[in-house]
Amino acid sequence: MELNTEIKVSTDPIFNKISKVVPEIEWKIHAPLIYKINKLKKEKNAVILAHNYQTPEIYHGIADFAADSLALAIEASKTKADIIIMCGVHFMAETAKLMSPQKKVLLPDMSAGCSLSSSITGKDVRLLKKKYPGVPVVSYINTSAEVKAETDVCCTSANAVKVVESLGAKKVIFLPDKYLAKYVTKNTDVEIISWKGTCVVHEQFTEKEINEIKEQNPGIIVIAHPECPPDVINAADFAGSTSGMSEYVKKNQPKKVMMVTECSMSDNVQVENPKVQFIKPCNLCPYMKKITLPKILDCLENESNEIIIPGNLIKKAKLSVEKMTLIGRWSSNVIDILKQAILEDLRPSGDVTSKHIKNNKLIKAKIISNENCIIGGLSLAKKVFKFSDKKIIFKLKTKDGRKINKGKVVAIIYGKSKAILKSERVALNFLSLVSGVATITNKFVKKINNKSCKILCTRKTTPNLRTIQKYGVKLGGGHNHRFNLSDEILIKDNHIAIDGNINQLVKRTIKNKKGKKITVEVDNLNQLKKIIGLKFDRILFDNMNLKNLKKGVKLSSKLYETEASGGVTLKNIKKISSTGVKRISIGTITHSAPAINFKLEI
Ligand code: 13P
Ligand code: SF4
C-alpha cells in the first residue's frame, strides 16, 4: 500500500509524536500498515493490548491500551471488544484468554514465548507441592496456563511482595524467576522457596555495567526491573515493574535516566517525557520482537493464531489470576481503612496520655483471646503496629482462620512502649471485628455440614469495612458474593417493580450483559415461571417458605445455580439447605457479627 494523502493525514499525528525514536525511512513502511490496522480493528470491534516492551510504532501507533502485564490482565477482563489482539508474548495472551474466556484472543506470532515461562511445567509444580506439602504456591504471571492451574495466587513484578504477604503463611513456593524470588526475599519476612528460571534479557545486566554507566554519567538515575540480578537492583536508585518504572520517570522527571530493562521501553517512555535524556540499554527481548505490524495485520484480517485453552484448565488457572486482582483491590482498600482507623484514634493531638510516661523502654506484650473463636485479622493488627513504629516486632503464635480457645496467646509484640500503647486499641479492634465475622460464619457453615451448599455474605456490611468483613467470611469457611454493584448483575424485587415486566427486563439484560454474570431474584413461583428457560446464571429465592423453596429448586436446579436468602438463622438453616439449594446468603454474618474480645497484656 502506498503512503497516499489519506494515510498521511491519518498517521502524521502519530509520526510527529514518535519521530525522535522512529526514523522517517522506516515510517514510510509503518504508516500504511498502521492505517489499515486501525481501520480494521474498528470494523471488527477488536481491541489491541500492547506490553510496554513493544516497539514505538505498535505502542504509540495502534495500541488501544499499553501497560505492564498486571494492567494488561485487568484490562482483558474488562474489555467490551469481541476480539483481543495481544501484542506481547504467549503467556500474556493466555492470561487475557483466562480473564475473558468468551472472547477471541489472538497472538500475532505463536512462537513469541518467554524464557521464564518455559522454565517450568505443571508437572514441575506438582512435584514441588509434593516436596513441600501445605506450602502455598505463588507464580509470576510469566507462566503458562498449565502452571497457573497448579498455583494458589499469581503475581506480577508490581505486586509480588504484596501477594506473598497476603497469604499469611510462613513459607511460600515462589515460581519461576530466581531473581524476582531474591527481590521478594529481601522485602519480606516470609521464607521463600524458589525455582531456577531467569529472564534472558534481565539476567544479562551486571553491577559492573551499572557502575560504569554511573561513572560516565554523573547524576544519572538508574531504575531497574525486579527480574534483574540482586546486585544490579542494589546498584539502582529504584526498582519496579515496567509501569512502575515509567511512572517513576513521569513523576520525577530526572535529567538523565537509564532504564535497566528491555530497550524498546526507553523509546516508548522517552516519547512521553521529551525533557528527560535516556541512556538506552541495548538488550532486546527476542520474543517480544517477534510481534510486528505485518503479523498483526495478518492476524487481524484472518483472525488467525487464536489462543485455545481447555475449559477445565481455564477454570483452575483463572482462579489464581482473579485472586491476584482481588489482592490489588484488597490491599489498597485495606491500607486506606487502617490509616483512617489510626487517625480516628489520634486526631488532632496524638496520644496525650502515653507521652507523660517517663520511660519509653523496650517491652514485650502479648495479645490474648478472651473467647473461643475463629481468629482473623492478625496481618491487619501487625500493620497497625508497624505503622506506629517500623521497628516493632510482631510474632504470630497462630494463623488467620484457625480455631482457638479462650486464653490463647495469638501474637507477641516487642517494641518501644509508647508505640505499642498508641496502636493497641486499633489493632485489637480489627482482630475483634474480623474474628467476629469469621466465628459466626463458621457457626452457619458447621450447622449445615453440607459441602455442596455454600454460605455467602451479602452487601449488608458496615460502611467502608466491606473488604475486611468479606475477608472474615472466607476465614470462617464462607464465600463472598459480588463485591459491589459493578461486579455482577443482580435483578431484585425493586428493579422488577420499577420495570413492570420481569420477562422483558431479564431478556433485555441478557442481551446487554457484557460478560457479567446475571442473578435474578424471585419471591414466588409465578415469577419463576415467567423467566424459566431464559439464559441467565443464577436464581435467587428470596424469603420463600420451605415448601415453595423446595419446588423452586426442583424446577430450576438443572438450568441455574440456585440460591436462597432472607430470614436465615442458625435455627432454620439446616432445613433450608436440605431443600437442595446450592447457596445460602446471610446478612447477619456481616452486619450483626458479635465482636470477639481480645486483650493486650504487658
Ligand atoms: P511487567 O509485569 O513489569 O510488565 O514485566 C513483564 C515482563 O515480561 C518483564 O520482562
Ligand atoms: Fe520473558 Fe524476559 Fe522477554 Fe519479559 S523480557 S517476556 S521475562 S524473556
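Biologist: How do the residues of the shell around ligand 1 divide into nonpolar, polar and charged?
Modeller: This is a predicted model, and in it the shell around ligand 1 has two nonpolar, eight polar and two charged residues.

Biologist: Nice. Which residues surround ligand 1?
Modeller: Among them are His51, Tyr53, Asp68, Tyr140, His225, Glu227 and Thr242.

Biologist: And how far is an oxygen atom of ligand 1 from a polar side-chain atom of Thr242?
Modeller: That distance is 2.7 Å. An N or O atom in the side chain of His225 is 2.8 Å from an oxygen atom of ligand 1, and for the side chain of Glu227 the distance is 2.8 Å. The protein covers 96% of the 300 Å² of accessible area that ligand 1 has on its own.

Biologist: Where does ligand 1 sit, then?
Modeller: Ligand 1 is in the largest cavity.

Biologist: New topic! What kind of peptide bond joins Leu175 and Pro176?
Modeller: A cis one, with omega about -15°. Pro176 belongs to the loop between strand E7 and helix H9. Arg347 and Pro348 are also joined by a cis peptide bond, and omega there is about 0°.

Biologist: What about Asn464, is its phi positive or negative?
Modeller: Positive, near 75°, although Asn464 is a residue other than glycine. You'll find Asn464 in the loop between strand E18 and helix H18.

Biologist: Is Asn464 buried or exposed?
Modeller: Exposed, because its relative accessible area is 69%, and the cut-off for exposed is over 50%.

Technical notes. Residues numbered from 1 in each chain as written. Chains lettered and ligands numbered in written order. Predicted model: local features only at pLDDT ≥ 70, side-chain atom pairs only at ≥ 80, totals over all residues. Heavy atoms only, no water. Near = heavy atom within 4 Å. Polar contact = N/O pair within 3.5 Å; in protein donor to acceptor, adjacent residues only side chain to side chain. Areas by Shrake-Rupley, 256 points an atom, 1.4 Å probe, with all protein chains shown as cover. 1 Å grid on protein atoms, 1.4 Å probe; cavity = no way out; pocket = protein on both sides within 12 Å on 5 of 7 lines; lining within 4 Å. Sits in = over half its atoms within 2 Å of the grid points. Nonpolar A, V, L, I, M, F, W, Y, C, P; charged D, E, K, R; others polar. Helix = DSSP H or I, 4+ residues; strand = E, 2+ residues; numbered from the N terminus. Buried < 20%, exposed > 50% of the residue type's maximum accessible area, 1.4 Å probe, protein only.
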